[in-house]
Amino acid sequence: MRQPLALAALASLLLAGTAGAEPLFNRVATFSVPQNLPADRDPTKKTVSEIIAASEDGMLLAYTDGEQKALGLIDITDPANPKPAGFVPLEGESTSVTILGDKAFVAVVTSGDNFKEPAGHLATVDLKTKQVVAKCDLGGQPDSVTLTKDKGKIAIAIENERDEKLNKGALPQLPAGNLTLIGIRDGAIDCATRQIVDLTGIAAVEPTDPEPEFVDANTDGLVVVTLQENNHLAIVDSKTGKLVAHFPAGTVDLKAIDKTRDGKISPTEELKGVAREPDAVRWLDNERFVTANEGDWKGGSRGFSIFRKDGTVEFDSASDVDHLAIRLGHYPEKRSAAKGSEPEGIEVATYGNDRLIFVGLERASLVLVYKDEGPGQAPRYLQALPTGIGPEGLLAIPQRDLFVSASETDAGGKGGARSAVMIYRRAEQAAAYPTIHSADENGLPIGWGALSGLAADHTAPGKLFSITDSAYAPSRILEIDAAAKPAKIAGAITVTKDGKPAAYDLEGIAVRAGGGFWLASEGNPEKKDGPLPDLLLRVSAKGEVEEEIRLPEELARHAVRFGFEGVTVTGTGAEETVWLAVQREWKDDPRGKTKILSYKPATKAWGVLHYPLTQPASGHWMGLSELVSLGDDRFAVIERDSAFGAKAFKTIQAFSVKGLTPAAVGSAEIPTVAKSLLRDLTPDLMKAGGYGLDKVEGMTVDKAGNLFVVTDNDGVDDSSGETQFFAFGPLPR
């Protein structure tokens with residue numbers, strides 16, 4: 001077996017991926033799945049885009065929406081401007097789709113949660129009339145479908161999945177699944193030719209219950225089938241229906257991984273003998289295939305593997321996939337005790353002379369792109385593509401130099417992003433993503449995410465600092481080299497109190513004139529296990545908390561859970577003033593006004609100004625996310641709403657305190673600053689081709705006068721993990 005790519009090699013390849021030395025993919029558009037819902041369906045209800053297929057000319061996409069029990073269609077004649085193209089209701093949960101000519105063949109589960117009597121059919125959808133024109137009963141619950149390369153048969157994995165709530169999901173749970181083969185005649189399914197291939201009796205884990213998961217066919221007519229829970233692989237001759245080979249998927253020893261859910265990204269642990277339990281599978285050629293080792297029951301080896309059809313493991317990525325996710329800020333720390341980044345999807349296609357492998361990371365919301373270097377060679381990492389939350393379906397359209405990802409997670413019910421189909425174009429260009437990544441420390445990538453504030457070093461242009469919020473513990477201060485392309489997190493300082501690592505909800509950072517930092521920690525008086533106060537922290541250059549400063553009780557008693565969000569400092573010595581931005585209105589604020597607070601360390605005196613918030617659109621809130629001193633009594637804030645997309649409000653506003661004196665705490669009259677627009681950030685966010693990120697949380701101006709802005713990825717929790725770091729150049733006046 002080939003050894004995994006070395007960490008150093010991966011790091012250099014990551015950077016090489018931005019150099020434009022060879023064709024690379026960049027995202028050009030995002031289609032929000034709720035756009036496809038007809039007028040008679042509630043657009044706030046959950047939607048998904050799971051498995052996705054394309055017409056033979058690559059102009060039309062079809063995706064399964066199991067939540068809506070439908071097939072959705074997208075017109076990508078102009079890939080940068082995808083349009084709704086139809087919505088076809090089905091009689092059950094759609095699980096997979098493939099297209100032949102003007103017909104889509106859709107696997108439909110009709111038994112719902114009846115695991116003892118699984119049922120489903122293959123629906124034929126006319127793509128011109130957008131109607132179901134035929135159904136073929138499958139006698140069980142279908143999962144994956146694929147066409148043989150000669151278009152003569154369709155292969156269907158009949159999973160008959162287990163009830164994971166029954167006996168902790170233990171196998172066996174009958175009836176057993178199978179591989180079903182059905183002939184195609186004159187472009188239509190010929191149900192009379194349905195052939196059932198028995199896959200029982202071959203797997204050592206539970207031979208009576210194979211649970212086939214995913215299928216793919218090569219040009220020799222061989223169909224490879226993953227038996228995920230059984231950690232087994234089978235190869236069937238589609239021409240005869242005979243089982244020609246089968247073998248265990250094997251196990252992996254994982255080193256330098258994070259296997260503990262503790263709020264800290266620490267890839268220093270090991271797991272031995274982890275069953276691969278592959279999900280998706282694709283042939284690389286007639287001799288080799290590649291699997292995404294997601295795991296389901298007891299395994300999940302956090303990577304992908306290349307097998308020969310005789311069962312030989314030619315390559316295994318081991319812990320490299322998790323390391324890439326860590327380096328890019330996409331690592332799902334809350335999944336550390338489960339399956340980490342959880343590779344689930346695989347796609348393979350030839351673009352020009354390059355055979356490419358696409359690996360979809362369900363929990364990290366990334367697609368990793370590799371070049372197949374041929375038999376006996378390790379695949380070469382090329383780049384990473386940001387996706388919607390939980391990419392499930394991966395689709396290559398090489399005839400148009402396009403690639404598509406479909407995400408199954410809809411976080412709209414939690415105020416997050418909706419399920420989405422994202423489109424990428426390959427060209428000779430630099431990779432637009434990542435915009436920021438981390439260096440190695442002691443041979444391992446620095447873990448990061450949830451960048452909630454920015455500050456600039458006083459001595460060196462391009463040297464910045466950021467902090468991580470309560471998504472992680474302990475709190476850390478990150479050192480950023482913003483002159484690098486992409487920006488690089490070069491080091492990390494752990495925040496300590498009384499010599500021990502400390503955890504705060506850090507939302508703002510400012511560099512003190514004499515060295516060290518001011519940090520703003522957001523409070524939450526509504527926290528169920530006890531109220532947390534808003535805190536101003538005086539911290540040394542080594543991250544040691546030297547002082548915790550609380551609000552006067554007369555201010556603190558009005559606080560709500562939307563507290564400190566930005567901090568900056570003006571003056572030095574006795575004239576030093578620390579300024580803090582409060583995100584939203586507190587109980588004592590007039591509607592539409594939030595606080596800008598001042599604090600003088602020399603006298604410990606607090607003052608209050610009001611900032612006028614823009615009226616948010618219906619269903620959203622408006623607030624402040626950052627505060628920066630521009631000198632000459634001028635400040636800039638990030639004022640933003642809670643929305644996603646092109647209609648969202650994400651701005652940098654400026655105001656002056658010249659002639660204004662902050663009111664003493666408890667004063668009836670509080671001066672209100674006057675604001676002016678410095679930059680509308682929504683167009684910048686939309687240029688990334690995504691759904692327009694909502695949490696723009698960090699901003700600073702460096703010693704050379706250059707403006708930097710960063711988004712907060714929520715620690716990859718109900719989030720895609722995408723971070724956009726912007727270097728805007730000289731600050732506009």
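## Sheets, cores and a disulfide in a predicted model

Within one of the sheets described here, F289 has F307 in strand 22 as its bridge partner. The model is predicted: local features require pLDDT of at least 70, side-chain atom pairs count only at pLDDT 80 or more, and totals for chains, interfaces and linings use all residues. Residue numbers run from 1 along each chain as its sequence is written, and side-chain values use heavy atoms, with hydrogens and water left out.

Strands (E, at least two residues) and helices (H or I, at least four residues) are DSSP runs numbered from the N terminus. Two strands pair if DSSP finds at least two bridges between them. In general, strands of a sheet pair through backbone hydrogen bonds, either parallel or antiparallel.

In strand 17, L243 stands opposite V236.

| Strand pair | Sense | Bridges |
|---|---|---|
| Strand 21 (residues 288-292) and strand 22 (residues 304-308) | antiparallel | 5 bridges |
| Strand 16 (residues 232-237) and strand 17 | antiparallel | 6 bridges |

F289 also belongs to the largest nonpolar core, which has 42 residues; F289, I346, I357, L368 and Y370 touch the most other members. Helix 2 gives the largest share of this core, 4 residues. A nonpolar core is a set of buried Ala, Val, Leu, Ile, Met, Phe, Trp, Tyr and Cys residues joined through side-chain atoms within 4.5 Å. Buried means under 20% relative accessible area, exposed over 50%, and partly exposed in between (1.4 Å probe, protein chains only). Beyond residues up to four places away in sequence, I346 touches residues including V290, F304, I357 and L394, where contact means heavy atoms within 4.5 Å.

Helix 2 (residues 320-327) has 8 of its 8 residues buried, so it is largely enclosed by the rest of the structure. Among the buried residues are D320, H323 and R327. Just after helix 2, G329 takes a positive phi of about 75°.

The structure holds 1 disulfide, a pair of cysteine sulfur atoms within 2.5 Å. This disulfide joins C136 to C191, with an S to S distance of 2.2 Å. The pair links distant parts of the chain, 55 residues apart: C136 lies in strand 9 (residues 131-137) and C191 in strand 13 (residues 188-197). C136 counts as buried because its relative accessibility is 3%, whereas C191, at 33%, counts as partly exposed.

T594 is located in strand 46 (residues 593-600) and counts as buried because its relative accessibility is 0%. Its side chain reaches the backbone oxygen of V582 at 2.8 Å and that of R584 at 3.0 Å. Leaving aside neighbours within four places in sequence, T594 is in contact with residues including D589, H610, Y611 and L624.

Technical notes. A polar contact is a pair of N or O atoms within 3.5 Å; within protein, one must be able to donate a hydrogen and the other to accept it, and residues adjacent in sequence count only if both atoms are side-chain atoms.
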